[in-house]
Amino acid sequence: MHTAFFFLAAALFEIAGCFAFWAVLRGGASALWLAPGLASLVAFAAVLTQVDASAAGRAFAAYGGVYVAASLAWLWAVEGLRPDRWDLLGGAVCLAGAAIIVFGPRG
């Protein structure tokens, strides 16, 4: 349960931080958005270290699937674009891969 919480929190911080940069560099938003964007990216890195995993690479790999799915939720909730069936299928495949990494038996 803690792992899912930390993955979701990390995704929110990373997407928000990257979106701040997107808004400034691609959307013409004020450069003042970069400060909370940077703070959000720092929070992302700190939160991701709290995931219960035996190796950083494994945690990062599993997080990648959560990031993809959370990005599609952001697309819909924040950007107002509904994910299409290919987005949803891709997100499901990524989440399945993340689940295999997190819950796979280790010897």
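Helices, taken as DSSP runs of at least four residues, and strands, taken as runs of at least two, are numbered from the N terminus. In this predicted model, the elements of the protein run α-α-α-α from the N terminus on. The protein has 107 residues, of which 30% count as buried.

Helix 4 covers residues 85-103. This helix has 19 residues and reaches 26 Å from its first C-alpha to its last, close to the 27 Å expected at 1.5 Å a residue. The N-terminal end of helix 4 is capped by Asp84, a side-chain oxygen of which lies 3.0 Å from the backbone nitrogen of Trp86.

Helix 1 spans residues 2-25 and includes Leu12. With a relative accessible area of 49%, Leu12 is partly exposed, since the exposed class begins over 50%. Leu12 is 62 residues from Trp74 in sequence, yet the two C-alpha atoms are 8.6 Å apart in space.

The largest pocket holds about 200 Å³ of space. Its lining consists of 16 residues, and those nearest the centre of the pocket are Thr3, Val51, Asp52, Ala53 and Val102. Helix 1 gives the most, with four residues. By class, eight of the lining residues are nonpolar, five are polar and three are charged.

A search of the whole structure for disulfides finds zero. Cys18 is in no disulfide, and the nearest cysteine sulfur, that of Cys94, is 16 Å away. A disulfide requires two cysteine sulfur atoms within 2.5 Å; the sulfur of Cys94, at 16 Å from the closest cysteine sulfur, in Cys18, is therefore too far for a bond. Cys18 is partly exposed at 35%, and Cys94 is partly exposed at 28%.

Notes. Residues numbered from 1 in each chain as written. Predicted model: local features only at pLDDT ≥ 70, side-chain atom pairs only at ≥ 80, totals over all residues. Heavy atoms only, no water. 1 Å grid on protein atoms, 1.4 Å probe; cavity = no way out; pocket = protein on both sides within 12 Å on 5 of 7 lines; lining within 4 Å. Points joined across faces, edges and corners; volume = space filled by probe spheres on them. Nonpolar A, V, L, I, M, F, W, Y, C, P; charged D, E, K, R; others polar. Expected span 1.5 Å × (residues − 1). Polar contact = N/O pair within 3.5 Å; in protein donor to acceptor, adjacent residues only side chain to side chain. Buried < 20%, exposed > 50% of the residue type's maximum accessible area, 1.4 Å probe, protein only.
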